[in-house]
Amino acid sequence: MQARQLAVSGESVYILGPEDQLRWIARVEEGLWGSWQDAVIRGRAIVHAGPVIGRLDPEGRISALQRMPPLPWQVWEQRADELVAANLADGAPALFAVQAGELRYTWKHSPSSPWAEWETLGGPVGGVA
């Protein structure tokens, strides 16, 4: 299997293949790895932080998938050049995006709460890691 990008956490691995297809594998019982699954979507970039996977679709739109509790993909019309997923000090998931040199972010107060509105942190920003 070829991958052009890899996003890893302790419980799952997501890859983007050469044709931008998103696939994933997760740990199952006793810590063993399950089978590779096709997510049936494409992406330009993926990021991973614990139970949250962030994705830029082929047009650069931002979306996020929460694995625990399992929720469907959250898709925003917001576009980005770069995306980073992180967990805040209290464990809350957050996404940081750079678009046209401006840094923006969103977060969840808890795993079951909705994503907050995107907020601007300013710029110019040359990139995120």
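Let's start with E30. At 73% relative accessibility, E30 counts as exposed. This is a predicted model, by the way. E30 sits in the loop between β3 and β4 (37-42). Its phi is positive, about 60°, and E30 is not a glycine. Most residues other than glycine have a negative phi.

D20 is another case. Phi there is also positive, about 70°, and again D20 is not a glycine. D20 lies in the loop between β2 (12-16) and β3 (21-26).

One more backbone point. G123 and P124 are joined by a cis peptide bond, with omega about 5°. P124 falls in the segment after β12 (119-122).

Now the sheet. Four strands form an open sheet, in the order β5-β6-β7-β8, with antiparallel pairing. β5 and β8 (74-79) are at the edges with a single partner strand each, so one side of each has no neighbour in the sheet. Neighbouring strands are turned by 20° against each other on average, direction ignored. Between β5 and β6 there are five bridges. V47 stands opposite G54 in β6.

The largest nonpolar core has 14 residues. I62, W76, L83 and L95 have the most contacts inside it. Which elements give two or more residues to this core? β5 (45-49), β6 (52-56), β7 (61-66), β9 (82-87) and β10 (93-99). A second, separate core has seven residues, including A7, L16, L22 and I53.

Last, W76. Beyond its neighbours within four places in sequence, W76 contacts R61, I62, S63, A64, L95, T106, W115 and W118.

Technical notes
Residues are numbered from 1 along each chain as its sequence is written. This is a predicted model: local features need pLDDT of at least 70, side-chain atom pairs count only at pLDDT 80 or more; totals for chains, interfaces and linings use all residues. Side-chain values use heavy atoms; hydrogens and water are left out. A nonpolar core is a set of buried Ala, Val, Leu, Ile, Met, Phe, Trp, Tyr and Cys residues joined through side-chain atoms within 4.5 Å. Buried means under 20% relative accessible area, exposed over 50%, partly exposed in between (1.4 Å probe, protein chains only). Contact means heavy atoms within 4.5 Å. Two strands pair if DSSP finds at least two bridges between them. Axes are lines fitted to C-alpha atoms, for helices over the stretch in contact, and angles run from 0 to 180 degrees between N-to-C directions.
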